[in-house]
Amino acid sequence: ACKVLTATLEKNSQFRDAVRRFESRPECASLKISSYMLETVQRIPRYKLLLKDYIKHLPEDSEDREPASRAFNIISDVASHVNEGVKKKDNFQKMMDVARKLVGKPITLVKPGR
């Protein structure tokens, strides 16, 4: 989303002017619009930290402890899954960069299933 925003700001002067007007409003506290755009990979660790802190401050006998612990385990699994996906995407991007450098060469590095 941030890349699309940046590209659109560069290409579309009307959009750029509207965003500047928005960013200059007092409610925006002098922050750029991109500051408000959290990516999924940023939200999940924040949820995990929030749950961890919440559980830490719960009384031992709280009825919320068990459901909060389950939620923490779920978000931890999601975080691991997202991190694995990000690594795969990064590795794929590196492979595509190498493949682009070899354009015109008689080798195909990227094939489905590799």
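Hi everyone, thanks for coming. One thing to keep in mind from the start: this is a predicted model.

Helix α1 covers residues 2–11, and helix α2 covers residues 13–23. How do they pack? Their axes are 6 Å apart, and the angle comes out at about 115°. Roughly perpendicular covers 65 to 115 degrees, so α1 and α2 are roughly perpendicular to each other.

Which residues make that contact? On the α1 side you'll find L5, T8, L9, E10 and K11. Facing them from α2 are S13, F15, R16 and V19. If you sort the residues of this contact by type, you get 4 nonpolar, 2 polar and 3 charged.

Now over to helix α4, residues 65–101. How far does α4 reach? From first C-alpha to last, its 37 residues span 54 Å, close to the 54 Å expected at 1.5 Å a residue. Please also have a look at which of its residues are buried: they are R65, A68, I75, S76 and A79.

Side chains of opposite charge can pair when their charged atoms come close. How many salt bridges are there here? The count is 5, and I'll walk you through some of them.

I'll stay in α4 for a moment. E66 and R70 form a salt bridge, with 2.4 Å between the closest N and O atoms. Both residues belong to α4 and sit 4 residues apart, about one turn of the helix. In general, an α-helix has 3.6 residues a turn, so residues three or four places apart point the same way. As for accessibility, E66 is partly exposed at 45%, and R70 is partly exposed too, at 46%.

Next, D90 and K89. This salt bridge has its closest N and O atoms 3.3 Å apart. D90 counts as partly exposed, with 33% relative accessibility, whereas K89 is exposed at 54%.

The last pair I want to show you is K32 with E23, whose side chains meet in a salt bridge at 3.9 Å, N to O. The cut-off for a salt bridge is within 4 Å.

Methods: Residues are numbered from 1 along each chain as its sequence is written. This is a predicted model: local features need pLDDT of at least 70, side-chain atom pairs count only at pLDDT 80 or more; totals for chains, interfaces and linings use all residues. Side-chain values use heavy atoms; hydrogens and water are left out. Axes are lines fitted to C-alpha atoms, for helices over the stretch in contact, and angles run from 0 to 180 degrees between N-to-C directions. Helices (H or I, at least four residues) and strands (E, at least two) are DSSP runs, numbered from the N terminus. Angles under 35 degrees count as roughly parallel, over 145 as roughly antiparallel, 65 to 115 as roughly perpendicular and the rest as oblique. Contact means heavy atoms within 4.5 Å. Ala, Val, Leu, Ile, Met, Phe, Trp, Tyr, Cys and Pro count as nonpolar, Asp, Glu, Lys and Arg as charged, and the others, Gly among them, as polar. Buried means under 20% relative accessible area, exposed over 50%, partly exposed in between (1.4 Å probe, protein chains only). The expected span of a helix is 1.5 Å times one less than its number of residues.
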